[in-house]
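Please walk me through this structure.

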Amino acid sequence: MADQDQDFQLSNVQGDILIGLSKITEIFYFFQITNPAAFQSQLPNLTPLITTADKATGEKEAIRAFKVRKQQKLSGIITGDVLPVVGVNIAFSQKGLVKLGVIPAGTDALDEPLFAAGQKSDAFALADKGVGDSPEKFTPDWDEAFLQQTHEIHGVLLVTGGSFDMVNDKLDAIKAIFTVDNASSIAEVATLAGDVRPGKEKGHEHFGYKDGISQPAIKGVDDVDGKKPLPGQTLVDLGVALVGRGKDVENHPKRAPWAKDGSFLAFRKLPQFVPEFDKFLVDNSKPIEDDFPDAPNPADILGARMVGRWKSGAPLRITPLADDKELADDPLRNNKFKFNPDSQEMCPFAAHIRKMNPRKDLLKFGPSEATVDPHLILRRGIPFGPEVTTEEKLTKRTKYERGLYFVSYQSDLQQGFSFLQKAWANNPAFPFPKNPGVENFQPGFDPIIGQVHGEVRAMTGHNDDATDESLPLERQWVQSKGGEYFFSPSIKALRTVLAGQPEPTPTQ
Ligand code: HEM
């Protein structure tokens with residue numbers, strides 16, 4: 001850990017950033033601040049309820065121990081299926097910080113232009129669907145709440161827990177903090193609720209693939225007190241996650257000092273067209289020639305080649321021909337792989353996980369610390385919407401909205417979420433193979449999240465016998481319905497600047 005990070009404490013950081021709040025259910029309560037002075041006087045009553053990173057760590061351990069006891073049927077004294085653990089975090093948009101008078105209007109006090117402008121201004125560059133052929137004239141095809149034409153979004157409360165009742169009770173208690181004499185200092189803009197999927201699909205996103213397997217490890221958090229990164233897990237600088245730490249200090253010397261130990265939160269509502277995705281896999285998969293016992297079905301192979309992992313989570317780079325559930329469930333092996341920058345036979349260059357974390361693909365451009373690590377993000381999303389119904393399966397058409405509430409934390413949006421979406425997922429030339437072998441070769445778009453205005457996307461590598469062959473991807477199966485960029489401040493900042501008190505001093 002760098003010298004300037006010796007004072008770092010998990011208790012000063014909100015829990016969802018570095019550790020992740022424990023969640024079966026999560027509510028995102030997007031709010032407007034209607035009375036800034038009242039809000040600032042009430043905020044000190046919320047701050048003690050915020051789940052800090054050290055608290056989140058303790059709760060994760062308690063939940064793990066509870067699950068073990070449950071498995072051993074020793075949980076006698078604890079009734080119910082889940083521990084009554086509820087998590088609370090809060091984050092603010094630029095408009096919210098301006099409304100509170102923390103940032104002067106029209107400035108970029110956090111030295112983060114995408115945050116200052118808001119996600120709607122970034123929608124054209126992200127290649128979200130919409131109307132208008134330039135960023136200025138563009139109106140994205142987003143949900144009304146995120147267009148913010150009538151109500152600005154000033155902040156978001158993240159409330160997580162083991163059941164809707166737990167989470168709703170906590171949200172009511174929070175709303176009560178901001179209400180005096182029936183007058184509230186905040187107003188709801190939208191409330192979105194996400195759920196971990198039921199039964200065997202727990203931990204899987206709606207296309208059916210296990211999610212949350214690969215996350216970067218953080219220096220000073222995951223390599224202290226006897227902990228060490230898992231095999232294959234990248235250990236990144238603390239400043240990749242937190243503002244005012246590690247390399248973030250030299251990259252952004254102009255940031256407001258109170259922003260230290262905070263992180264930028266990118267929220268995206270990403271509906272998924274599951275029956276249509278499944279139909280595409282069936283229609284476009286090639287029959288298996290050398291059949292063998294337990295051979296996967298052709299649609300599963302194509303799907304795995306689009307994601308880079310089998311539905312179980314087993315990485316194609318280790319097991320390209322068939323799923324391997326044991327490997328998938330083994331944290332000591334399921335990330336222990338590097339890509340071969342010369343080849344996409346085992347895993348397509350365009351596969352979602354290869355686009356998002358090219359591991360050793362970029363070595364010819366320099367060390368991973370410079371080429372890949374600054375772009376690693378901490379993902380904390382949750383699925384939303386019902387399971388696919390029989391009717392939807394039969395008609396192969398989506399009737400009910402479902403998808404992913406994508407959440408990522410990073411110290412720098414331009415290097416993190418926004419870069420991954422624009423420079424890698426949406427860029428058919430990325431990654432740049434060392435020896436393409438074919439003139440003008442392009443790996444293609446990330447088939448899961450890649451986007452482009454007005455073109456049909458394509459990918460290569462879907463066919464392991466002819467990896468240069470191009471597969472047109474007839475539509476996007478993930479389509480953004482909007483979002484916002486937020487800043488998740490430190491506990492010290494919540495106690496001081498955000499509550500209308502003087503800035504924290506370095507020793508505070
Ligand atoms: C509905 C949309 C999405 C779906 C269905 C999806 C699905 C997945 C799945 C199944 C994995 C593999 C499991 C894992 O390694 O944790 C994964 C990994 C990942 N995704 Fe996504 N994802 C979506 C959106 C996004 C977006 C918008 C981004 C960022 C722009 C992103 C970035 C990543 C990253 C960084 C990884 C880890 C790659 C690695 O380190 O190997 N994903 N995603």
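Asp5, Asp7, Arg245, Lys260 and Asp261 are linked in a network of salt bridges. A salt bridge here is a side-chain nitrogen of Lys or Arg within 4 Å of a carboxyl oxygen of Asp or Glu. Side chains of opposite charge can pair when their charged atoms come close. The model is predicted: local features need pLDDT of at least 70, side-chain atom pairs count only at pLDDT 80 or more, and totals for chains, interfaces and linings use all residues. Residues are numbered from 1 along each chain as its sequence is written, and side-chain values use heavy atoms, with hydrogens and water left out.

Start with Arg245. It pairs with Asp5, and the closest N and O atoms are 3.5 Å apart. This pair links distant parts of the chain, 240 residues apart. Arg245 sits in the loop between helix H8 (238-241) and helix H9 (247-251). Asp5 sits in the segment before helix H1 (15-18). Helices (H or I, at least four residues) and strands (E, at least two) are DSSP runs, numbered from the N terminus.

Arg245 also forms a salt bridge with Asp261, at 2.7 Å from N to O.

Arg245 counts as buried because its relative accessibility is 1%. Asp5 is buried too, at 2%. Asp261 has a relative accessibility of 2%, so Asp261 counts as buried.

Asp261 has another feature. Its phi is positive, about 75 degrees, although Asp261 is not a glycine. Most residues other than glycine have a negative phi, and most peptide bonds are trans. Asn182 also has a positive phi, near 65 degrees, and is a residue other than glycine. Asn182 is placed in the loop between strand S6 (179-180) and strand S7 (183-184). With 80% relative accessibility, Asn182 counts as exposed.

Now look at a peptide bond. The one from Phe430 to Pro431 is cis, with omega near -5 degrees. Pro431 is in the loop between helix H16 (417-425) and strand S15 (457-460).

Return to the charged pairs. How many salt bridges does the rule give? The count comes to 25. One of them joins Asp330 and Arg333, with the closest N and O atoms 3.0 Å apart. Asp330 counts as partly exposed, because its relative accessibility is 21%. Arg333 is partly exposed as well, at 36%.

Arg64, Lys67, Lys70 and Lys202 form a patch of positive charge on the surface. Patches are made of residues with over 30% relative accessible area and no salt bridge; like charges are joined within 9 Å, and nonpolar side chains (Val, Leu, Ile, Met, Phe, Trp, Tyr) within 5 Å. Lys and Arg count as positive and Asp and Glu as negative, while His and the chain ends are not counted. Lys67 belongs to helix H3 (residues 53-71). Lys67 has a relative accessibility of 45%, so Lys67 counts as partly exposed.

Next comes a polar contact. The side chains of Ser312 and Asp323 are joined by one of 2.5 Å. The term means a pair of N or O atoms within 3.5 Å; within protein, one must be able to donate a hydrogen and the other to accept it, and residues adjacent in sequence count only if both atoms are side-chain atoms. Ser312 is in the loop between helix H11 (298-307) and helix H12 (325-328). Ser312 is buried, because its relative accessible area is 11%.

Two pairs of residues give a sense of distance. Val282 and Leu242 are 40 residues apart in sequence and 43 Å apart in space, C-alpha to C-alpha. Val282 lies in helix H10 (residues 274-284) and is exposed, at 56% relative accessible area. Leu494 and Ala458 are 36 residues apart in sequence and 46 Å apart in space, again C-alpha to C-alpha. Leu494 is in helix H17 (residues 491-495). At 0% relative accessibility, Leu494 counts as buried.

Notes. Accessible areas come from the Shrake-Rupley method with a 1.4 Å probe; for residues, only the protein chains shown count as cover. The place of a charge is taken as NZ of Lys, CZ of Arg, CG of Asp or CD of Glu. Buried means under 20% relative accessible area, exposed over 50%, partly exposed in between (1.4 Å probe, protein chains only).
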